Structures are given as structure tokens and as C-alpha cells.
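Subject: Structure handover

Hello,

Here is the structure I promised to pass on. Please look it over first, then read the notes below.

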Amino acid sequence: MFRSIWIYLLLVVSFSTFASPNHVYFLSEVTPPYYWIDENGKAQGVNVDLANALKPLLPFSSSLEHMPWARAVQETLENPDLVLLSLLKTPKREDEFTWLSSVNHMQASLIRLKRRDTPHINSLDEAKHFRVGSIRGYGSASFLQQEGFEENKNLALVAEPALLWKLLYMERIDFALANFETGKYEISDAGFNPNDATSEYVIEALGADLFVATGLKTEQDKVNSLKNALSILKANGEYARILKKWGLEPIESAH
């Protein structure tokens, strides 16, 4: 734990004080399948493969680091040469970052257990007759409350994904609101079988695109080089191969 904190502090200092004019830092959070550390201590995931694929296409050096996401976003806003590999593009962030290339489309849905004899639903109003779970503090939780779901009535809010999936698999709730692509990894980490669950109803209003993005302080030459490298990966099929390797659908064919 203390080693992780020390490494994190070193990274923050290096970003703000010792940044090289010929280097960029790619940043990720620990969120499977985009980035995680396997049992051998090796980094794995979409962002690892994407950073490695970009490296030889850039006219400057690069490295990949992970850090808490709120801090990574703030550092990127304040410092040049930091690149967030998978940032959700929202109206609030529209003018705060330079958006380099789309990565994937995140779509939330109501997820249920296959073994439950739960009636199929076709609207949020129908879902109000059941118990739906979400993560406290997430935008999806706020969305449900704005749509009329009430905590301790038809809405259960928990602190972390593992607790959400535990509620679903122990049949304490009827549906979990989440992104099923990333949710499959969370379900496995929580000790359950993702094949026992299925996406029941997609909530279009919660769809958003993930982008590679950098702060407004990054020089235009580097922005152009990054955009060009990402375009090459999409044109030669490497980008699609990376996403499919980790069970994700390239954004061009996402619905």
C-alpha cells in the first residue's frame, strides 16, 4: 500500500515538474477490461495494448501509468503531455479537453439473472415494479432517481460494484444497472459467473462515447501526432483487433 502511494506521488511530481518536451504519459485507471494487474503483477487490458501499439507510431517517447481517475483527470486539465486513454465525453467536459479519437461506446442496461423467472420489461416505467440496483454516486444512480426510482422502495444503492453483483446473484434485487461489457469482469472478480446474467433492457439515455483525450495545454504538434497515430491504428485494423481481443465492440459498429 505504502509503495503504491509513493509511486503515485512520484508520478504526480514528475508530471508537473520533470515533464520532458519529447514525452507523453498515457493515463489509465484500474478498470477491467481496460486496465488491471494480473496475478503475476503484469498490466493487462485494452489500454495497455493501445499504448503499446501507439508507441512506435509517435515521433516522441511515451509511457503508460495508472492512477486514481479523478486525480488523472485533474492532472490532465492542469498539465501538458498527459493523455487519458478512455475518458467519457460529456457535455460538461466538451470544452475542457482536446478529443483525439473515439475508443468505444459505453451503454448501460438493466441486467438480470437468467435463472430468475422475471417478466421481460420494455421501459423504465415497467422496471419501477421491481428492485433495481446501482452504485451510489454514479451518474446512473442519479438518473434512476430523476426518473422516479426511490431508495429503499424500488432502488438499492451500494458503495462498490462487487456489492451490486452480490445483491443480484443473491436475488436481493431484480436488476442491476451497469455496462454489461465491463460488468462481466466485475462479476467474475466478485466470484460469480457472468454467463448466468444477461442484458434485459438497454437505456439509450445513458449511452456515452469513450475517447482518447488530452488537456488544452498539450502542444498542437503533439495533438496532431497522436490523432494521426490513432487514425493509422483504425485504418490498419489494429484498433479493432485490440478491442475484440478483450471482448469489446469497435465503436464504428456499435449501436
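S140 lies in helix 5. Helices (H or I, at least four residues) and strands (E, at least two) are DSSP runs, numbered from the N terminus. Before going further, note that this is a predicted model: local features need pLDDT of at least 70, side-chain atom pairs count only at pLDDT 80 or more, and totals for chains, interfaces and linings use all residues. Residues are numbered from 1 along each chain as its sequence is written, and side-chain values use heavy atoms, with hydrogens and water left out.

Is S140 buried or exposed? S140 has a relative accessible area of 14%, so the residue is buried. The cut-offs are under 20% relative accessible area for buried, over 50% for exposed, and partly exposed in between (1.4 Å probe, protein chains only).

Setting aside neighbours within four places in sequence, S140 is in contact with S134, L177 and L206. Contact means heavy atoms within 4.5 Å. The side chains of S140 and S134 also make a polar contact at 3.0 Å. That term covers a pair of N or O atoms within 3.5 Å; within protein, one must be able to donate a hydrogen and the other to accept it, and residues adjacent in sequence count only if both atoms are side-chain atoms. D117 is 23 residues from S140 along the chain, and their C-alpha atoms are separated by 25 Å.

Five strands form an open sheet in the order 9-8-10-7-11, with mixed pairing. Two strands pair if DSSP finds at least two bridges between them. Strand 9 (155-158) and strand 11 are the edges, each pairing on one side only. From one strand to the next, the twist averages 35°. Strands 7 and 11 run antiparallel and are joined by five bridges. There, I111 stands opposite S199 in strand 11.

Two helices pack on this sheet. Helix 5 (residues 139-146) touches strand 8 (132-135), strand 9 and strand 10 (175-179), and its direction makes about 140° with that of strand 8. Helix 7 (residues 180-189) touches strands 7, 10 and 11, at about 110° to the direction of strand 10. Axes are lines fitted to C-alpha atoms, for helices over the stretch in contact, and angles run from 0 to 180 degrees between N-to-C directions.

**Salt bridges**

How many salt bridges are there? The count comes to 13, taking a side-chain nitrogen of Lys or Arg within 4 Å of a carboxyl oxygen of Asp or Glu. One joins K222 and D81 (3.1 Å, N to O). K222 sits in helix 8 (residues 220-235) and D81 in the loop between helix 3 (69-78) and strand 5 (82-88), 141 residues apart. K222 and D81 are both buried.

Another joins E200 and R112 at 2.7 Å, N to O. E200 is in strand 11 (residues 197-202) and R112 in strand 7 (residues 108-113), 88 residues apart. Both E200 and R112 are buried. Shared partners join R115, R116, E171 and D174 into one salt-bridge network.

**Aromatic pairs**

The whole structure holds six aromatic pairs. In one of them, the ring centres of W99 and F211 are 5.6 Å apart and the planes are at 80°, so the pair is edge-to-face. Rings of Phe, Tyr and Trp (its six-membered ring) pair if their centres lie within 6.5 Å; planes under 30 degrees apart count as stacked, over 60 as edge-to-face and the rest as tilted. W99 and F211 are both buried. Ring pairs also link W36, Y185 and W246 into a cluster.

Best wishes
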